[in-house]
Amino acid sequence: MHLQVQADSYASIFYKSGHGLSFVLRKPSGSSKAGMMYSILIVCALSFLFPNLADAVPDTMAERVKPCTICHGKEDRAEQHVYYPRIDGKPWGYLFNQLRNFRDGRRHYQPMAILLENMSDGYLMEIARYFSELDLPDFQPERHMMQSGEIDLAEQLIYSGYPDRNIPACSNCHGQTLMGTIPFIPGLLGLPRTYLTAQFGSWRSSGLVRGQVSDCMSEIAKKLTDQEINAVAKWLAAQIVNGKPDPSVALLPELAQRCSSIVKVEYPE
Amino acid sequence: MSNHRAYLSVYSKLLFKAVILVCVVWALLASHCAISGTVGYPSVSSADLDTLQQQGAYLVRAGNCMGCHTAKGGKPFAGGRRITTSFGVFVTPNITPHETTGIGNWSETDFWLALHEGKSRDGRLLYPSFPYTEYTKVTRRDANTIFAYLQSLPAVDQINPPHEIPFPYNFRPLLYIWRALYFKAGEYVPDPSQSVEWNQGAYLVQGLGHCNACHTQRNILGANAEDALAGGQIMGMNWYAPSLLSHIEAGSSDWSVNEIVELLSTGITGRAVASGPMATVIRQSLQYLSKEDLQAIAVYLQSISDDKKNYASVTVPSVSMEANDNLMSGKQLYQTYCQECHGSSGEGEPGIYPRLAGNRSVTMTSPLNTIRSILDGGYPAVTEENPRPYGMPPFQQILHDKEIAFLVSFIRNAWGNSANRVTEYDVERSRSIGIE
């Protein structure tokens with residue numbers, strides 16, 4: 001009874017079935033130190049009364065995305081011929097589009113398709129935003145032997161492109177710092193060379209995302225030579241990860257047009 | 001004179017018989033119509049087109065037409081979805097009102113013949129991958145309402161590839177034989193000894209809902225075996241649709257009507273989660289049904305489920321020492337990978353992570369669904385009531401077949417559970433997913 005009075009004075013208690021017990025503490029209007037003491041007392045008393053409090057399933061996104069994080073850890077991983085790229089800190093629009101592509105069969109990977117089969121756009125968006133807000137994991141730049149000619153070739157493609165071959169610079173879309181443009185274009189740093197070359201291979205065979213009307217990345221990848229792809233992949237994998245994408249950087253209208261299927265999607269608010 | 005009288009007598013007798021016959025037929029028809037009025041949905045005057053189409057949209061949900069007639073990521077109702085069966089791959093047709101590639105040129109009667117008789121507009125017999133064996137029970141009025149809705153959809157110009165059906169199944173006249181054996185056209189006939197609600201439930205389960213298509217074992221010719229809703233392996237899919245009759249599978253005799261409704265509308269209850277293809281059915285179809293209809297379905301399902309006492313307990317053969325070692329390995333795997341969510345005693349977390357102790361989908365004879373859940377993981381259906389479900393991680397990339405066999409055997413025999421062990425071979429067979 002006494003406890004109840006204390007609780008009423010200092011805390012509002014909400015009981016949610018199936019979620020164990022959670023409560024919100026309100027600061028008392030008087031001395032905050034005494035209030036704190038009372039609060040601790042209440043917490044202790046409650047934990048004693050409800051021993052499974054600590055076991056309750058956390059009502060968090062981290063708990064909800066356990067099916068994702070079992071494979072997509074802090075780092076890229078390769079296992080049994082399967083590659084699991086990291087997804088933390090990637091732009092939300094990019095992640096959301098990939099989640100929908102997997103679910104709707106445009107990007108073909110069966111385990112992802114099965115996992116996402118019964119998900120709504122709204123929930124996928126929430127998941128995409130959750131991962132986008134996580135910090136980029138540490139990345140140990142890879143060391144690759146590159147001739148100076150190879151470095152020049154990579155930098156030409158990355159910062160200037162070949163306008164005469166209708167190949168834009170990587171930095172035009174992926175940002176001057178190559179960390180991506182919010183919200184649809186992913187960053188290029190912090191990714192291993194093997195992943196980058198594999199992605200180029202998929203883009204070239206139009207096998208990464210099927211059925212897109214303006215498949216800009218496929219068109220670009222098809223114009224690149226093996227030598228160019230290798231140079232770019234090695235160069236990118238050897239860079240130090242340089243912070244998060246700059247939110248103020250917007251895609252040029254011309255490129256937004258060229259990649260309209262990537263940057264123009266209907267998505268829930 | 002006597003001849004004349006004899007003629008008269010014969011005529012009057014014939015006339016009398018004819019009158020009786022007419023009366024009997026009329027009475028039968030009248031009574032049939034009167035009872036038919038108790039299932040299906042009230043008629044809407046065709047002037048009220050909006051209401052008609054709304055009702056049609058509802059019925060199309062109930063029949064889950066888009067489940068098959070929409071390809072993954074494709075335009076709604078434009079078909080093109082591939083349905084893998086043991087007879088080959090069927091490609092679903094475009095049922096939008098496009099004049100040349102869809103059903104824009106169809107009449108109400110054409111549509112009725114397809115739904116009720118399994119015959120296409122050009123007279124060809126339809127393959128029973130289209131569940132006309134169940135849809136035949138739909139009333140003419142509901143069929144017309146569905147047709148009105150389909151005709152109101154945006155026409156999609158999409159030609160779908162042909163079926164990939166090898167000989168002999170591509171020889172359609174064989175369907176005459178199949179139909180003679182397994183198909184009888186006929187609307188649902190209400191059972192006058194049952195309530196209106198029960199009949200509505202039966203009408204939805206047996207007809208539009210076509211629950212039979214999965215929950216009844218198909219025979220070697222793809223026809224549903226006699227024992228309707230007694231459970232079976234889903235054709236072309238590596239999932240087992242549990243019996244809706246047996247209390248050791250998914251029979252609901254000891255469930256409350258409310259709990260059945262909760263499962264069908266939200267995809268999850270305190271003790272059960274719909275997974276695999278059933279989660280998809282809930283997402284696409286059942287969650288949109290009215291409370292009244294779900295309740296009717298629940299009343300019906302509850303009534304057809306057997307009573308616990310009629311069942312002998314399942315005997316599980318005793319196990320060797322080696323098998324016990326395997327169970328210990330299974331326990332260790334459980335502690336490493338499963339316990340965090342499902343609890344140290346398989347108690348789960350109601351409404352979040354399913355309980356495994358005493359869970360029928362764990363202990364039922366076929367271990368297939370448990371194996372597939374571990375291999376694929378998955379989220380329960382996202383529904384209005386459960387918009388942000390917690391999920392199960394896939395383990396196919398982490399655990400080997402043998403480990404999954406140990407794990408499933410352990411789960412099937414821990415905390416009071418009792419069921420046959422599974423082998424590495426069972427797991428290996430379950431890895432193929434069947435359908436695209």
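**Structural briefing**

Over all chains, the structure holds one disulfide. The model is a predicted one. Chain B and chain A bury about 2,700 Å² between them, and a nonpolar patch with about 1,000 Å² of accessible area lies on the surface of chain B.

**The disulfide of chain A**

- The disulfide is formed by C216(A) and C259(A), whose sulfur atoms are 2.1 Å apart.
- The pair links distant parts of the chain, the two cysteines being 43 residues apart.
- C216(A) belongs to helix 11 (residues 216-223) of chain A, whereas C259(A) is in the loop between helix 13 (253-258) and helix 14 (260-263).
- Because the torsion about the S-S bond of C216(A) and C259(A) is about 115°, the disulfide is right-handed.
- C216(A) is buried, at a relative accessible area of 2%, and C259(A) likewise counts as buried, at 5%.

- C214(B) is partly exposed, with 29% relative accessibility.
- For C338(B), the closest cysteine sulfur is in C341(B), and the distance of 8.9 Å is again too far for a bond.
- C338(B) is buried, its relative accessible area being 10%.

**Interface of chain B and chain A**

- The contact involves 35 residues of chain B and 33 residues of chain A.
- The size of an interface is often expressed as the accessible area lost when the parts come together.
- Here that area is about 2,700 Å², and carbon and sulfur atoms give 53% of it.
- On the chain B side, Y379(B), R388(B) and Y390(B) lose the most area to chain A, together accounting for 27% of what that side buries.
- Four salt bridges are found across the interface of chain B and chain A.
- A salt bridge joins E117(A) and K72(B), with the closest N and O atoms 4.0 Å apart.

**Nonpolar surface patch of chain B**

- The patch is formed by F167(B), F171(B), L174(B), Y176(B), I177(B), L181(B), Y182(B), I220(B) and L221(B).
- One of these residues, I220(B), is located in the loop between helix 9 (212-215) and strand 3 (232-233) of chain B.
- I220(B) counts as exposed because its relative accessibility is 78%, the threshold for exposed being over 50%.

Conventions: Residues are numbered from 1 along each chain as its sequence is written. Chains are lettered from A and ligands numbered from 1 in the order in which they are written. This is a predicted model: local features need pLDDT of at least 70, side-chain atom pairs count only at pLDDT 80 or more; totals for chains, interfaces and linings use all residues. Side-chain values use heavy atoms; hydrogens and water are left out. Patches are made of residues with over 30% relative accessible area and no salt bridge: like charges are joined within 9 Å, nonpolar side chains (Val, Leu, Ile, Met, Phe, Trp, Tyr) within 5 Å. Accessible areas come from the Shrake-Rupley method with a 1.4 Å probe; for residues, only the protein chains shown count as cover. A salt bridge is a side-chain nitrogen of Lys or Arg within 4 Å of a carboxyl oxygen of Asp or Glu. Helices (H or I, at least four residues) and strands (E, at least two) are DSSP runs, numbered from the N terminus. Buried means under 20% relative accessible area, exposed over 50%, partly exposed in between (1.4 Å probe, protein chains only). A disulfide is a pair of cysteine sulfur atoms within 2.5 Å. Contact means heavy atoms within 4.5 Å. Buried area is the accessible area (1.4 Å probe) that two parts lose on being put together, summed over both.
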